[in-house]
Amino acid sequence: TKFVTMDPPASLSFDINPIEASPMTVLTLINKSQNQIIFKVKTTKPANYLVRPNQGVIQPQTESKVTVLFNHNLDSPVSADSR
């Protein structure tokens, strides 16, 4: 049985707009268990992504929202699909 599910389940998408300072998206972590769950979200490219909160506790049968900011530079091509 899965104790935690994610929404979106596979990958995050960012809408890159030259006017926006930092495109962002939200990852929802859902605790399906009857116990508290501790989580930590890490990125393989910390210079490109800022995760807040990057760790925490999810109470039983609740969810936690994690904001991911994409620190992009439109002059240098970086895939927004990179994780």
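Strand E3 and strand E5 (residues 55-58) run antiparallel and are joined by four bridges. Strands here are DSSP runs of at least two residues marked E, while helices are runs of H or I with at least four residues, and both are numbered from the N terminus. Two strands pair if DSSP finds at least two bridges between them. Within this pairing, Lys40 stands opposite Gln55 in E5.

This is a predicted model: local features need pLDDT of at least 70, side-chain atom pairs count only at pLDDT 80 or more, and totals for chains, interfaces and linings use all residues. Numbering starts from 1 along each chain as its sequence is written, and side-chain values use heavy atoms, with hydrogens and water left out.

Step back to the whole chain. It has zero helices and six strands. Along the sequence the pattern reads β-β-β-β-β-β. Of the 83 residues, 27% are buried. Buried means under 20% relative accessible area, exposed means over 50%, and partly exposed lies in between (1.4 Å probe, protein chains only). Among contacts with a separation of 6 or more, 57% link residues 24 or more positions apart. A contact means heavy atoms within 4.5 Å.

Now return to E3. In a regular strand the side chains alternate between the two faces of the sheet.

Val41 comes next, in the loop between strand E3 (37-40) and strand E4 (49-52). Beyond its neighbours within four places in sequence, Val41 is in contact with Leu29, Val51, Asn54 and Val66. Val41 and Pro53 are 12 residues apart in sequence, and their C-alpha atoms are 8.3 Å apart.

Val41 also belongs to the largest nonpolar core, which has 11 residues: Phe14, Leu27, Leu29, Phe39, Val41, Tyr49, Val51, Ile58, Val66, Val68 and Phe70. Strand E2 (24-31), E4 and strand E6 (63-70) are the elements that give two or more residues to this core. E6 gives the most, with three. A nonpolar core is a set of buried Ala, Val, Leu, Ile, Met, Phe, Trp, Tyr and Cys residues joined through side-chain atoms within 4.5 Å.

What about the rings? A pair of aromatic rings is described by the distance of the centres and the angle of the planes. Rings of Phe, Tyr and Trp (its six-membered ring) pair if their centres lie within 6.5 Å; planes under 30 degrees apart count as stacked, over 60 as edge-to-face and the rest as tilted. The whole structure holds three aromatic pairs. In one of them, Phe14 and Tyr49 have ring centres 5.8 Å apart and planes at 40 degrees, so the pair is tilted. Phe14 lies in the loop between strand E1 (4-7) and E2, and Tyr49 in strand E4, so the pair ties together parts 35 residues apart in sequence. Phe14 is buried at 10% relative accessibility, and Tyr49 is buried at 7%. Phe14 also forms a tilted pair with Phe70, at 5.3 Å centre to centre and 35 degrees between the planes. Phe70 lies in strand E6 and Phe14 in the loop between E1 and E2, so this pair ties together parts 56 residues apart in sequence. Phe14, Tyr49 and Phe70 form one aromatic cluster.

One salt bridge is found in the whole structure. The side chains of Lys65 and Glu63 form it, at 3.4 Å from N to O. A salt bridge is a side-chain nitrogen of Lys or Arg within 4 Å of a carboxyl oxygen of Asp or Glu. Lys65 is partly exposed at 48% relative accessibility, and Glu63 is partly exposed at 45%.
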